[in-house]
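Me: I'd like to walk through a model together, one question at a time. Could you show it first?

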Amino acid sequence: RRFGRRHPWLTFALRSFMIFSVVFGAAYGFIAGARTENSGYDPHSFAIGVAFLFALACVALAALSFRLRLLRKRMRKIALHNEALADRNWELQEAEQRGRRLFEAQGDLIVLRDAESRITYANDAYCELAQMPRGALIGSRFALRVLEQGDTALEPNGTRVHDQQIEGPLGPRWIAWREGLVRNDAVERAEMQSVGRDVTDRTESERALTEARDQADAASRAKSRFLAMASHEIRTPLNGIIGMSGLLMDTPLTPE
């Protein structure tokens, strides 16, 4: 059956040859039998028999030709379907390559892990931070070294957001992670997708602003304490001076 689908013309030729051989053998046997002395040879019966065999061969050839035509139509449909599938496959491969190039071009860290925390995909940015090739990361349970863990928040859609200070080749880096489950058509189970963005500059700026604010608050409190203490120290002797001045104004001037 596979051979017939791949080589329809050869199959048609073989079947035609088989039918011709059968018809020729039957005709030859019929003629040979009719030629014997005791065969009771009848020209009319002989002509009817030969015509019947010829008609049978024609019907068989017509059936084979019709079947071959149906096979041609089916092959054309299959060829068109295969061509459409090939075009669709090419479009999907192009879209996958375009998406992969987009992922690789981004500076964000992208890593996928299965249910056993094994890495199934890691982009170039993650490999550069991990200082390991992608081939060594795929299938491993590698994790970046965390120096400090920030606050964690859970969004309504189930996405986990948190910050981590990661040890990198150029020093500690703050990474803002967004982690959530994604389902891949190639696998049955959902995978954990982690997307990290380097927020070291933002974190350092926020910390610098926080320190400046704390210093300003401390200076304001020190100034307030200094003013309160200075006003208290000035007000105490000033009360005595004001009281003595009032006494001098209300008392006649005497030698005492």
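This is a predicted model: local features need pLDDT of at least 70, side-chain atom pairs count only at pLDDT 80 or more; totals for chains, interfaces and linings use all residues.

Me: What share of the 256 residues of the protein counts as buried?
Reply: Residues are numbered from 1 along each chain as its sequence is written, and side-chain values use heavy atoms, with hydrogens and water left out. Buried means under 20% relative accessible area, exposed over 50%, and partly exposed in between (1.4 Å probe, protein chains only). By that cut-off, the buried share is 18%.

Me: Which residues is leucine 137 in contact with, leaving aside its neighbours within four places in sequence?
Reply: Contact means heavy atoms within 4.5 Å. Leu137 is itself one of the core residues that touch the most other members. Beyond its sequence neighbours, its partners are Ile119, Ala122, Tyr126, Cys127, Met132 and Phe142.

Me: Is histidine 162 buried or exposed?
Reply: Histidine 162 lies in strand 4 (residues 160–168). Not counting residues up to four places away in sequence, histidine 162 touches Gln149, Asp151, Thr152, Ile175, Ala176, Trp177 and Glu179. Its relative accessibility is 2%, so histidine 162 counts as buried.

Me: Which elements do arginine 134 and aspartate 124 lie in?
Reply: A salt bridge is a side-chain nitrogen of Lys or Arg within 4 Å of a carboxyl oxygen of Asp or Glu. The side chains of arginine 134 and aspartate 124 meet in one, at 2.6 Å, N to O. The pair ties together parts that are 10 residues apart in sequence, because arginine 134 is in helix 5 (residues 134–137) and aspartate 124 is in helix 4.

Me: Which helix holds both glutamate 91 and arginine 88?
Reply: Their side chains form a salt bridge of 3.6 Å, N to O. Glutamate 91 is partly exposed at 40% relative accessibility, and arginine 88 is partly exposed at 48%. The two residues are three apart, about one turn of the helix, and both lie in helix 3 (residues 43–105).

Me: How much accessible area do Ile234, Leu238, Ile241 and Ile242 have together?
Reply: These four form a nonpolar patch on the surface; patches are made of residues with over 30% relative accessible area and no salt bridge, with like charges joined within 9 Å and nonpolar side chains (Val, Leu, Ile, Met, Phe, Trp, Tyr) within 5 Å. Isoleucine 234, in helix 6 (residues 200–250), is exposed at 54% relative accessible area. Accessible areas come from the Shrake-Rupley method with a 1.4 Å probe, and for residues only the protein chains shown count as cover. Together the four have about 400 Å².

Note on methods. A nonpolar core is a set of buried Ala, Val, Leu, Ile, Met, Phe, Trp, Tyr and Cys residues joined through side-chain atoms within 4.5 Å. Helices (H or I, at least four residues) and strands (E, at least two) are DSSP runs, numbered from the N terminus.
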